[in-house]
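I opened my notebook for a new structure. I wanted to look things up one at a time and write down what I found.

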Amino acid sequence: QTRLDLALQELVEQHRSLLVRKTVLVVVSDTKTQDAERAARLLGEVRGRLKEVIWFNPLPPEEWQRHPAVAAFRPLSRMLPCRTLGDLERVLRHDLWRIVA
């Protein structure tokens, strides 16, 4: 498991000046993180300062409902399935530009 909460805390503490309305934060994670509640709280605080949070989730979408952290992070981000290079290409060519435009 990762420590997304610590990464978000460091983002806020070390790079606060980058957290502005034109910034798009990209997260690549399966949401399997320690202390997901704290991470979701920090992401919620950061989310309000940003243009968008895009989340590339390598878990198959049919598994998302089995992971409580997915439910915590989905309302705070545009969560997209991204397991393969083909998925990444689709997201970059089609979805991403509509989201950040």
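**Entry 1: Ser29.** I began with a single residue. Ser29 is buried, with a relative accessible area of 11%. I keep in mind that this is a predicted model. I then asked where Ser29 sits. Its place is in the loop between β1 and α2. Ser29 touches Trp55, Phe56, Asn57 and Pro58.

**Entry 2: the whole chain.** I stepped back. How many helices and strands does the chain have? I found 4 helices and 3 strands. From the N terminus on, they run α-β-α-β-α-β-α. The radius of gyration is 13 Å, close to the 13 Å that the globule rule gives for 101 residues, so the chain is as compact as a globular protein of that length. I noted the extent of the C-alpha trace along its principal axes: about 35 × 30 × 20 Å.

Next came burial and surface. Of the 101 residues, 41% count as buried. The chain exposes about 6,200 Å², and carbon and sulfur atoms supply 53% of that area. I also checked contacts between residues at least 6 apart in sequence. Of these, 75% join residues at least 24 apart.

**Entry 3: helix α2.** I picked α2, residues 36–47. This helix has 12 residues. From its first C-alpha to its last it reaches 16 Å, close to the 16 Å expected at 1.5 Å a residue. Which residues of α2 are buried? They are Ala36, Ala39, Ala40, Leu42, Leu43 and Val46. Seen down the axis of α2, these buried residues fall within an arc of 165 degrees, so they line one face of the helix. I recalled a general point here: an α-helix has 3.6 residues a turn, so residues three or four places apart point the same way.

What do the buried residues of α2 pack against? I listed α1 (4–15), β1 (24–28), β2 (52–57) and α3 (68–73).

**Entry 4: the cores.** I turned to the largest nonpolar core, which has 23 residues. Leu8, Leu25, Leu43, Trp55 and Phe73 touch the most other members. The elements that give two or more residues to this core are α1, β1, α2, β2 and α3. α2 gives the most, with 6 residues.

Phe73 touches Leu4, Thr31, Thr33, Ala36, Ala39, Ala40, Leu43, Trp55 and Met79. A second, separate core has 7 residues, including Phe56, Cys82, Leu96 and Ile99.

**Entry 5: helix α4.** Val91 lies in α4, residues 85–100. Is Val91 buried or exposed? Val91 is buried, with a relative accessible area of 0%. Beyond its neighbours within four places in sequence, Val91 is in contact with Phe56, Leu80, Pro81 and Leu96. I also took a distance. The C-alpha atoms of Val91 and Arg47 are separated by 21 Å, and the two residues are 44 residues apart along the chain.

At 18% relative accessibility, Asp95 counts as buried, because the cut-off is under 20%. Leaving aside neighbours within four places in sequence, Asp95 is in contact with Leu80 and Arg90.

How values were computed: Residues are numbered from 1 along each chain as its sequence is written. This is a predicted model: local features need pLDDT of at least 70, side-chain atom pairs count only at pLDDT 80 or more; totals for chains, interfaces and linings use all residues. Side-chain values use heavy atoms; hydrogens and water are left out. The expected span of a helix is 1.5 Å times one less than its number of residues. Buried means under 20% relative accessible area, exposed over 50%, partly exposed in between (1.4 Å probe, protein chains only). The arc is that of the directions from the helix axis to the C-beta atoms. Contact means heavy atoms within 4.5 Å. A nonpolar core is a set of buried Ala, Val, Leu, Ile, Met, Phe, Trp, Tyr and Cys residues joined through side-chain atoms within 4.5 Å. The radius of gyration is taken over C-alpha atoms; the globule rule is 2.2 Å times the number of residues to the power 0.38. Accessible areas come from the Shrake-Rupley method with a 1.4 Å probe; for residues, only the protein chains shown count as cover.
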